[in-house]
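The sequence and the structure come next.

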Amino acid sequence: MPDQRQTRFAHITKGQPCFNEKLHDRVGRIHLPIAPRCNIHCKFCTRDISECENRPGVTARIMTAEDAVKHVEKVKSEMPISVIGVAGPGDALANEETFEFFKKASKKFPDLLKCLSTNGLLLPDKADELAEIGVNTVTVTVNAIDPDIGEKIYSFVIYKDKVYHGREAFEVLSRNQLEGIEKLAEKGIIVKVNSVLIPGLNDEHIVDIAREVKKRGASLMNVIPLIPMGEMEDYPRPTCEEIERVRNEVEKIIPVFRACTQCRADAYGIPGKKGADKHLDMTPASHY
């Protein structure tokens, strides 16, 4: 039997290449790098300004909201685009530019789907505003729900001007992630959950995450491999077999998106089509 949430939101997911595998090599999207600040520290995360690396957390430059609008106009004139989104290089919700951009985009590009990616810390506080500015889909990265595991993934969390460390940091983050997913789902915003598979740490735990986020209202999950960096540079990268095993287990609980390419924060074009996916260079924003 098809998932009722998937059926209910089919009119949106049919145009979203990061939520619909059938579109991954056919439909274009634009990531706008307007969110440099982050309010947590994941031990595997290293944000960077670079033209060379192809991974999340990387962009060639940071744009203003106005630059982002001009970039969307330019790209739309060159290729078919169905989705515009903010995926960093920090956390979308920790940057006011994200909200400024979507307010402009809702008026300027009413035909485009609007999405963002977040660590979820500010979701309970921002869910109402996200609905008001017309965000259609949100991807929340949830790497644990068990404090014994979560405290090993995050170094600190900054919430409401207070810095939390260790287990307490994770408990604040996890509470807000789950409450936020629930709020988004209640408002009709489609939620996809990303989980980074960290061998030996959360690989046996991701099925527990799946059960919990489905209960909270998530419609889709995406299990992505750890890129060993930062404080987790000595962890092994998961094998294809390990990833497939976890995805198969998760798929018994909630639909799984399998076509993720772990895009840069400034990627644009068609994500699954060779030669059709691009990213910004370091040309100053005045280029627009």
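At roughly what angle do the axes of helix H3 and helix H4 cross, and within what distance do they come? This is a predicted model, in which local features need pLDDT of at least 70 and side-chain atom pairs count only at pLDDT 80 or more, while totals for chains, interfaces and linings use all residues. Residues are numbered from 1 along each chain as its sequence is written, and side-chain values use heavy atoms, with hydrogens and water left out.

The axes of H3 (residues 65–78) and H4 (residues 96–108) cross at roughly 40° and come within 9 Å, where axes are lines fitted to C-alpha atoms, for helices over the stretch in contact, and angles run from 0 to 180 degrees between N-to-C directions. Helices are DSSP runs (H or I, at least four residues), numbered from the N terminus.

On the side of H3, the contact (heavy atoms within 4.5 Å) is made by Ala65, Glu66, Ala68, Val69, Val72 and Glu73, and on the side of H4 by Glu97, Glu100, Phe101, Lys104 and Lys108.

The structure holds zero disulfides, a disulfide being a pair of cysteine sulfur atoms within 2.5 Å. For two cysteines, the closest cysteine sulfur is too far for a bond, as tabulated here.

| Cysteine | Closest cysteine sulfur | Distance |
|---|---|---|
| Cys38 | Cys42 | 6.5 Å |
| Cys42 | Cys45 | 5.7 Å |

Cys38 is partly exposed at 30% relative accessibility, whereas Cys42 is buried at 13% (buried means under 20% relative accessible area, exposed over 50%, partly exposed in between, with a 1.4 Å probe and protein chains only).

Methods. Helices (H or I, at least four residues) and strands (E, at least two) are DSSP runs, numbered from the N terminus.
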